[in-house]
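Here is a walk through one protein model. Keep the sequence and the 3D view side by side as you read.

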Amino acid sequence: MSLAKAYAAAAATAPLAPFQLERRTPGPHDVQIEIAYCGICHSDIHQVRNEWGNSTYPMVPGHEIVGKVTAVGAQVKGFKVGDLAGVGCLVDSCRTCPSCQRQLEQFCEKGAAFSYNGTEMDRKTVTQGGYSSSIVTDEAFVLKISPKLDLAATAPLLCAGITTYSPLRHWKTKQGDRVGVVGLGGLGHMAVKLAAAMGAEVTMLSTSKSKEADARRLGAQNFGLTSDPATFKKLAGHFDLIIDTISAPHDYNQYLGLLRVEGAMVLLGVPPEPTPVSAFPLIMGRRTLSGSLIGGIRETQEMLDFCAQHGIVSDIELIPVQQVNEAYERMMKNDVRYRFVLDMKTL
Ligand code: NAP
Ligand code: ZN
Ligand code: ZN
């Protein structure tokens with residue numbers, strides 16, 4: 001066992017505060033990482049505030065983790081002390097079910113072990129996330145991080161990056177495809193960068209006119225203001241794929257009308273309340289409404305390698321860990337450009 005410093009929520013209504021936790025002594029397959037940076041995902045806020053109704057406390061959030069390897073178990077083959085390493089939303093899975101065999105560990109049929117607000121596969125040991133000084137994770141769930149990329153700005157790739165990369169790949173985004181990205185936040189800005197790097201013609205669909213110049217700088221060719229009904233008329237039947245990253249309740253039906261025949265809309269955002277969906281925009285054009293959850297470990301490594309090759313990282317605001325509660329408030333006010341990253345040196 002070793003002690004790690006951390007920031008934790010004691011309850012749904014409590015601000016995050018300093019906390020100490022125990023990390024296990026690395027077993028034969030484990031990698032111990034000194035955490036340098038951890039991104040703040042909107043899922044951290046949903047879970048800290050128990051918006052999905054599944055939260056347990058105390059909770060150390062954080063699943064966009066990067067740092068340096070400080071110890072490895074005797075059987076570890078892929079990492080050595082001093083290597084850069086990352087941990088995302090998953091720390092284990094059953095490894096034998098059909099989903100795990102397809103390397104879709106996020107859909108493990110026994111229920112994967114998530115990095116925090118969950119348990120290890122023993123279903124007893126509570127997992128605690130990356131707003132902390134260190135983590136110990138089985139090497140099968142540890143990612144290799146390229147030294148070519150800025151380390152702090154790489155952290156958000158571990159969730160925002162893979163969550164947007166995975167549906168773009170699943171729906172086979174290619175040169176010239178028309179991709180609409182809904183919501184320009186942490187996920188949205190990665191979706192724009194990644195879709196543009198795959199050669200798509202990207203349109204940003206946003207409630208914030210003030211983000212238009214940024215959307216274009218990030219790689220969008222077009223910008224549609226979603227508070228203006230004319231946007232929905234102009235872009236009707238336009239998109240091959242729509243990636244919806246909005247974190248709050250909103251009407252999906254109006255976006256479905258923007259899909260071409262057999263186009264697909266993928267929900268990534270997880271608003272706390274359900275929203276009614278009408279059959280009409282789906283049957284008119286055999287359109288698909290789908291969802292997607294992060295990505296498996298193999299695909300996460302593929303995404304990190306793609307980003308290293310294309311020089312893609314997140315646009316971040318690096319903050320000391322003591323400002324985490326303020327960062328949450330700013331995210332709730334839609335004031336983030338485009339991901340907060342905690343500097344763990346400040347713990
Ligand atoms: P974020 O940085 O807070 O961005 C969310 C964006 O949604 C905002 O920038 C804003 O964009 C738009 N938005 C926010 N409130 C809105 C409202 N009331 N109406 C319309 N638009 C609104 O959040 P994030 O970290 O990207 O996460 C987004 C969502 O994805 C969260 O629900 C999170 O839990 C979820 N998530 C899912 C997965 C997955 O595996 N599926 C993984 C990670 C996160 P504009 O200003 O451009 O309108
Ligand atoms: Zn996340
Ligand atoms: Zn499994």
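Start with how burial is judged: a residue is buried under 20% relative accessible area, exposed over 50%, and partly exposed in between, with a 1.4 Å probe and protein chains only. The model is predicted, so to speak of a local feature takes pLDDT of at least 70, side-chain atom pairs count only at pLDDT 80 or more, and totals for chains, interfaces and linings use all residues. Residues are numbered from 1 along each chain as its sequence is written, chains are lettered from A and ligands numbered from 1 in the order in which they are written, and side-chain values use heavy atoms, with hydrogens and water left out.

Begin at the zinc ion (ligand 3). Its protein donors are the SG atoms of Cys94, Cys97, Cys100 and Cys108, lying 2.3 to 2.4 Å from the ion. Donors are N, O and S atoms within 2.8 Å of the metal (3.2 Å for Na, K and Ca); water is not among the atoms, so sites may look incomplete. The site is tetrahedral, with angles of 103 to 121° among the four donor atoms. The ideal angle for four tetrahedral donors is 109.5 degrees.

Along the sequence, the donor residues of this zinc ion follow the spacing C-x2-C-x2-C-x7-C. Cysteine 97 sits in the loop between β6 (90-92) and α2 (98-101), and cysteine 108 in the loop between α2 and β7 (113-114), so the pair ties together parts that are 11 residues apart in sequence. Helices (H or I, at least four residues) and strands (E, at least two) are DSSP runs, numbered from the N terminus. Cysteine 97 is buried, at 6% relative accessible area. Cysteine 108 is buried too, at 7%.

Now look at phenylalanine 107. This residue is in the loop between α2 and β7. Phe107, Phe114 and Leu293 make a nonpolar surface patch of about 240 Å². Patches are made of residues with over 30% relative accessible area and no salt bridge; like charges are joined within 9 Å, and nonpolar side chains (Val, Leu, Ile, Met, Phe, Trp, Tyr) within 5 Å. The areas come from the Shrake-Rupley method with a 1.4 Å probe; for residues, only the protein chains shown count as cover.

Move to the zinc ion (ligand 2). Its protein donors are Cys41 (SG), His63 (NE2) and Cys159 (SG), at 2.0 to 2.3 Å. Their spacing in sequence is C-x21-H-x95-C. Cysteine 41 is buried, at 3% relative accessibility. Histidine 63 is buried as well, at 7%.

The loop between α1 and β4 also holds proline 58. A cis peptide bond joins tyrosine 57 to proline 58, with omega about -5°. Another cis peptide bond runs from arginine 337 to tyrosine 338, with omega near -10°. Tyrosine 338 is in the loop between α11 (324-332) and β19 (339-343). Asparagine 334 lies in the loop between α11 and β19. Asparagine 334 has a positive phi of about 60°, although it is not a glycine.

Next come the charged pairs. Side chains of opposite charge can pair when their charged atoms come close. A salt bridge is a side-chain nitrogen of Lys or Arg within 4 Å of a carboxyl oxygen of Asp or Glu. The structure holds 19 salt bridges. One of them joins arginine 24 and glutamate 120, at 3.2 Å from N to O. This pair links distant parts of the chain, 96 residues apart: arginine 24 is in the loop between β2 (17-23) and β3, glutamate 120 in the loop between β8 and β9. Arginine 24 is partly exposed, at 33%, whereas glutamate 120 is buried, at 17%.

Aspartate 343 and lysine 345 meet in a salt bridge at 3.1 Å, N to O. Here aspartate 343 is buried, at 10%, and lysine 345 is exposed, at 69%. Elsewhere, a network of salt bridges links Lys193, Asp214, Arg217 and Asp315.

Note on methods
Four donors count as tetrahedral if all angles lie between 85 and 135 degrees; four count as square planar and six as octahedral if opposite donors are over 155 degrees apart and all others between 65 and 115; anything else is irregular.
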